[in-house]
Amino acid sequence: MAGKMNAADSRTRSSISICIVVGLCCFFYILGAWQKSGFGKGDSIAVEITRQTDCGTLPNLNFETHHDGAGIPSEAFSSKVKEIKPCDASYTDYTPCHDQQRAMTFPRNDMIYRERHCAPENEKLHCLVPAPKGYVTPFPWPKSRDFVPYANVPYKSLTVEKAVQNWVQFEGNVFRFPGGGTQFPHGADAYIDQLASVIPMANGTVRTALDTGCGVASWGAYLLKRNVLAMSFAPRDSHEAQVQFALERGVPAFIGVLGTIKLPFPSRSFDMAHCSRCLIPWGINDGKYMMEVDRVLRPGGYWVLSGPPINWKTNFQAWQRTKEDLEKEQNSIERTAELLCWEKTYEKGEIAIWRKRINSDSCPGRQDEPHARICEPTSADDVWYKEMETCVTPYPEINSPEEVAGGN
């Protein structure tokens, strides 16, 4: 008896569910028909908005061309492409504005002969400098950091000259770059770890760096994985461009030198500047080269000097220089650093690190120094082919003693 009652209840519930579904379908069908008829409120709103935002073409627009070609030579319309032929194979090692033969005709003082000297128009090459024979596509990063095809840079002299310093090694048909350097025989990583114990690289304080006299730019190559982008430069070598190795490795670099012309960067471009036995005579010309580094170094930035003359009392014999010469250079660097108001934060072994003050309030009385000529503020960013100045770049204005001049 109970089973019959449960079956009847189940049939009753099913009938009710069917009626509800059918009712809802009829309701939504009627609602849709009403909206589609144009009498629905939502539809009338949509029609009004469409009318107000009609994107029809305005009658006063003219799509005809307004160029009649007047004054344009007829050859400009020609589809013929001018072909530029490759230079002779003897020009494979030619670098525009750094032609080695022309460079030797310029004065040697202040490294003038190492600077850019572009040929006059009548001497310029009007052909494409050919790649070395057998040139191949470079390895992708990060493999390119450590390996470069020999065919792309067919110069072996550095493998002999720097054999004991682990700059570069020749293996089969490739060059291998172990990451060594004159001042970091244990590798660039270990060297950078030592710097990072003093300079805050991990927290993003240091993001950009300038490597002067970079060699094959291994320092910059190994900084990339620490999220620091280094711009490296070195002069055109007498027999090969070391910067060419850097570019083939995929490291930002350019041919350049601290001579008589300003570096091609505006003021406060770098968080850190670096010299690892870069052979730049920092102590001469009244500290002009350090003043140029100060110009491109942001307030609060760091300058690293690794190698001569740091710790000269221990190393003067290995460097084959006299104590007097090295001591004079060290004292000159210290005086210029004091004039620039840099604070020495670290010196150990052959590494010294200075930090630039964050603003002018940190350098009271600098203007009273007898040799502290302050540069014109407008000259700090006017650098393209402009002569380097022996003056101190002024800090940007600040509103409080704790503010970093020019921004964090």
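Predicted model: local features only at pLDDT ≥ 70, side-chain atom pairs only at ≥ 80, totals over all residues.
These are my notes on the model, point by point.

1. Ground rules. Numbering starts from 1 along each chain as its sequence is written, and side-chain values use heavy atoms, with hydrogens and water left out.

2. Seven strands make an open sheet in the order 6-5-4-7-8-10-9, with mixed pairing. At the edges sit strand 6 (253–255) and strand 9 (342–348), each pairing on one side only. Neighbouring strands are turned by 15 degrees against each other on average, direction ignored. Strands here are DSSP runs of E, at least two residues, and helices are runs of H or I, at least four residues, both numbered from the N terminus. Two strands pair if DSSP finds at least two bridges between them.

3. Strands 4 and 5. Strand 4 (residues 208–212) and strand 5 (residues 229–234) run parallel and are joined by five bridges. Within this pair, L210 stands opposite M231 of strand 5. As background, strands of a sheet pair through backbone hydrogen bonds, either parallel or antiparallel.

4. Helix 9 on the sheet. Helix 9 (residues 288–296) packs on the sheet and touches strand 4, strand 7 (270–276), strand 8 (297–306), strand 9 and strand 10 (351–356). Its direction makes about 135 degrees with that of strand 8. Axes are lines fitted to C-alpha atoms, for helices over the stretch in contact, and angles run from 0 to 180 degrees between N-to-C directions.

5. T336. Is T336 buried or exposed? T336 is buried, because its relative accessible area is 6% (buried is under 20%, exposed over 50%, partly exposed in between, with a 1.4 Å probe and protein chains only). T336 belongs to helix 11 (residues 323–339). Leaving aside residues up to four places away in sequence, T336 touches G287 and M290 (contact means heavy atoms within 4.5 Å).

6. Cavities. The whole structure holds three cavities of 30 Å³ or more. A cavity is a set of points on a 1 Å grid, over the protein atoms alone, where a 1.4 Å probe fits but cannot get out; lining residues have an atom within 4 Å of a point. Grid points are joined across faces, edges and corners, and a volume is the space filled by probe spheres set on the points. The largest cavity has a volume of about 70 Å³, and its lining includes K262, E292, R295 and E389. That lining divides into five nonpolar, two polar and four charged residues. The second largest cavity holds about 40 Å³, with H98, Y113 and R236 among its lining residues.

7. Most residues other than glycine have a negative phi, and most peptide bonds are trans. W141 and P142 are joined by a cis peptide bond, omega about 10 degrees, and P142 is in the loop between helix 3 (100–103) and helix 4 (143–146). Another cis bond joins P308 and P309, omega about 0 degrees. M111 has a positive phi near 60 degrees and counts as partly exposed at 28% relative accessibility. L279, with phi near 65 degrees, counts as exposed at 75%.

Technical notes: 1 Å grid on protein atoms, 1.4 Å probe; cavity = no way out; pocket = protein on both sides within 12 Å on 5 of 7 lines; lining within 4 Å. Nonpolar A, V, L, I, M, F, W, Y, C, P; charged D, E, K, R; others polar.
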